[in-house]
Amino acid sequence: MAVYLVALVLIALVLSILMAIAWAVQQRTGNSGWVDTIWTVSLGLLGAGRALWPLDGAPLTSRQWLIAVLVVVWSLRLGVHIAVRTAKITDDPRYAAFAKEWGADSRRRMFVFLQNQGLGSIPLAFSIFVAAHFPSDSLRVQDYLGALILLTGIAGEALADAQLKRFRANAANKGRVCDIGLWRWSRHPNYFFEWFGWLAYPVIAIALDNPLSYPWGFAALLAPLFMYWILVHVTGIPPLEQQMLRSRGEPYRASPVRTSMFFPLPPQTGATS
């Protein structure tokens with residue numbers, strides 16, 4: 001148990017430091033889009049490092065290497081995507097709205113906000129850790145299933161991002177709401193697939209044949225629960241939809257009638273953008 005508690009403390013400390021760096025970059029550049037870039041890359045490196053952290057001098061297992069590689073793939077794909085997007089804008093509308101609301105106190109409140117975001121990410125990094133250190137040397141069917149879930153999440157999010165990019169590149173779509181491909185089934189398919197990928201860790205960490213044999217595995221359930229909460233209720237959908245209403249206006253007001261907010265569902269007919 002002591003090893004897992006030490007891992008928790010180290011994860012919290014590293015995330016706090018990394019988000020302090022993200023705050024310093026945001027303050028220096030004025031572009032809060034770099035916050036998400038730094039968060040993604042930091043979580044990927046931290047997650048991979050924790051996955052490969054040896055316990056009691058034991059040799060690294062195939063599971064540890066598998067999870068470390070998957071985490072790095074996730075981090076690089078998403079981190080590069082956000083970085084490319086950030087380089088083309090002056091500020092992220094979501095964070096900019098927060099800063100405007102906070103007014104003269106925005107500098108301090110942004111620091112506190114990012115610290116909370118970093119500490120709130122502890123369940124994500126810890127889920128990676130407990131999944132990677134499941135007490136079994138050989139890979140199980142669950143491990144392959146978890147890898148498939150994570151790869152599906154990465155691929156689905158990449159596809160949604162590519163479809164949105166292609167839609168926006170067409171000048172004829174200026175002012176319109178993206179309703180092609182995955183975006184016909186969900187208003188935020190990229191967020192859905194991001195959440196979906198985090199289901200991989202409880203699948204790997206919980207022993208289905210004997211769940212109580214590794215009680216730490218249940219901690220991995222915190223990852224999809226936290227990710228759902230943060231995306232659907234905090235820094236994901238709420239500020240983004242407010243921004244879309246400001247920028248798109250009436251066309252976006254029809255979107256909730258036509259398209260599911262988060263989980264992909266068949267689009268409703270009889271409404272257009």
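Which residues does Trp198 touch, not counting residues up to four places away in sequence? I looked this up in a predicted model. I found Leu43, Trp74, Leu124, Ile128, Ala223, Pro224 and Met227.

**Trp198**

I placed Trp198 in the loop between α8 (189-197) and α9 (200-205). Its relative accessibility is 3%. The cut-off for buried is under 20%, so Trp198 counts as buried. I then took one of its contacts, Ala223. The C-alpha atoms of Trp198 and Ala223 are separated by 6.1 Å, and the two residues are 25 apart along the chain.

**Helix α4**

I listed the buried residues of α4, which spans residues 93-102. They are Arg94, Tyr95, Phe98 and Trp102. I looked down the helix axis next. These buried residues fall within an arc of 95 degrees, so they line one face of α4. An α-helix has 3.6 residues a turn, so residues three or four places apart point the same way.

At the start of α4, a side-chain oxygen of Asp92 comes to within 2.9 Å of the backbone nitrogen of Arg94. Just after the helix, Gly103 has a positive phi of about 65 degrees.

**Glu241**

Is Glu241 buried or exposed? I read 14% relative accessibility, so Glu241 counts as buried. Glu241 belongs to helix α11, residues 237-248. I looked for a partner for its side chain. The side chain of His188 makes a polar contact with that of Glu241, at 2.8 Å.

**Aromatic pairs**

I counted 27 aromatic pairs. One of them is Trp23 with Phe111, an edge-to-face pair. I noted 5.2 Å centre to centre and 85 degrees between the planes. This pair links distant parts of the chain: Trp23 sits in α1 (residues 2-29) and Phe111 in α5 (residues 106-120), 88 residues apart. Trp23 is buried at 16% relative accessible area. Phe111 is partly exposed at 32%.

I turned to Phe192 and Trp195, which form a tilted pair. Their ring centres are 5.8 Å apart, with 45 degrees between the planes. Both residues lie in α8, three residues apart, about one turn of the helix. Phe192 is buried at 11%. Trp195 is buried at 14%.

**Aromatic cluster**

I traced one aromatic cluster: Tyr4, Trp53, Phe126, Phe129, Phe134, Tyr214 and Trp216. I also checked for charges over its rings. Arg50 lies over the face of Trp53, 4.3 Å from the ring centre. Arg140 lies over the face of Phe134, 3.8 Å from the ring centre.

Definitions and conventions
Residues numbered from 1 in each chain as written. Predicted model: local features only at pLDDT ≥ 70, side-chain atom pairs only at ≥ 80, totals over all residues. Heavy atoms only, no water. Buried < 20%, exposed > 50% of the residue type's maximum accessible area, 1.4 Å probe, protein only. Helix = DSSP H or I, 4+ residues; strand = E, 2+ residues; numbered from the N terminus. Arc of directions from axis to C-beta. Polar contact = N/O pair within 3.5 Å; in protein donor to acceptor, adjacent residues only side chain to side chain. Contact = heavy atoms within 4.5 Å. Phe/Tyr/Trp six-rings, centres within 6.5 Å; stacked < 30°, edge-to-face > 60°. Lys NZ or Arg CZ within 6 Å of the ring centre and 35° of its normal.
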